[in-house]
Amino acid sequence: MRLADTDIDPVIHTSDRYLAEVYAIFQHDQDHLNSVGHQTLLIAGVPGGTWAFSQAGAGVVGPAITSWTGSRLSAAPPHIGPGSPDGRCLVAARATPNQDGTWHYEYAVYNHDMDRAARSFRLPLRPGATVTNLGFSAVQSDDGSAFTNDAWTGVAAAGAVEWSTGTAASGPANPLRWGTLYNFFFDSPTPPGSTRALIGMYMPASGQPDAVETVTTGPALCPADFDLRGTVTVQDLFDFLVAYFQADPRADLDGSGTVGMQDLFDYLIAFLTPC
Ligand SMILES: [Ca+2]
Ligand SMILES: [Ca+2]
Ligand SMILES: [Ca+2]
């Protein structure tokens, strides 16, 4: 791993917090999530000089991403089991208001135990939603591997914002490998709500899905977009009705605490109102 002086210069980063993570890997491990821990790391020094690193505070079981204060943490896929294409990534998201009334969105995407690695990160956008100031940040690997350190390319288009690196077939790329965390960010005038992130796999696997999903925070979608995929279709209506009849808390649209007739009316009005 290579760190730039400018990434840890205390003159620039006056209030930043650093975490060191240790990941023990062994065969037949039943629970990968308890095989990793993290601890506060203190960094002292000046650019061009020698840096001093020291541990502080108690160690915490779990990956460092779980200590991002104020973020919403979710796993992609949410559950490992039959049908899951590989291990899982963790996604942490945080939306904060900008001074000008727009919102700043930050994402940390961490590959916990996904051997196929990840090559894309995508969020749906409601019709007419705009995003600007797309950014990407990652530590530089210096392991002599065939992978690059190239930034993922961010593209905001109608219907989605997406970052990606090359494919396994396309030559040297910078996939998100085991135990690695990449950062994505942008601004948008659309306030936050629940949305569904899509993470694309780097290595193909015959008969397995090429992407995993998780519900996270992002620019709010249309109220009728019940499946959180960026478009309103009749499938959303079916999904809402299933949730409604099962008294699924997601169908409590008016936030009353129970699923009732008012929620059904609210959904039908939203479904029939163009967004
Ligand atoms: Ca374990
Ligand atoms: Ca939908
Ligand atoms: Ca209700």
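Let me begin with burial: a residue counts as buried if 20 or more other C-beta atoms lie within 10 Å of its own, as exposed if 12 or fewer do, and as partly exposed in between, with C-beta atoms placed from the backbone. What we have here is a predicted model, in which local features need pLDDT of at least 70 and side-chain atom pairs count only at pLDDT 80 or more, while totals for chains, interfaces and linings use all residues. Residues are numbered from 1 along each chain as its sequence is written, and chains are lettered from A and ligands numbered from 1 in the order in which they are written.

The chain divides into domain 1 (1-64), domain 2 (68-219) and domain 3 (234-272), with bounds that come from an automatic or database domain assignment. Between the centres of domain 1 and domain 3, taken over C-alpha atoms, the separation is 44 Å.

Strands are DSSP runs of E with at least two residues, numbered from the N terminus, and two strands pair if DSSP finds at least two bridges between them. Strand β3, residues 52-61, is hardly covered, for among its ten residues the count of buried ones is zero. Its antiparallel pairing with β2 (residues 36-44) runs over seven bridges, and one bridge sets H38 against V60 in β3.

Let me turn to the open sheet, where five strands pair antiparallel in the order β9-β10-β7-β12-β13. Because β9 (153-157) and β13 (211-219) stand at the edges with a single partner strand each, one side of each is left without a neighbour in the sheet. Strand β12 (residues 192-201) is joined to β13 by nine antiparallel bridges, and S194 has T217 in β13 as its bridge partner.

How values were computed: Helix = DSSP H or I, 4+ residues; strand = E, 2+ residues; numbered from the N terminus.
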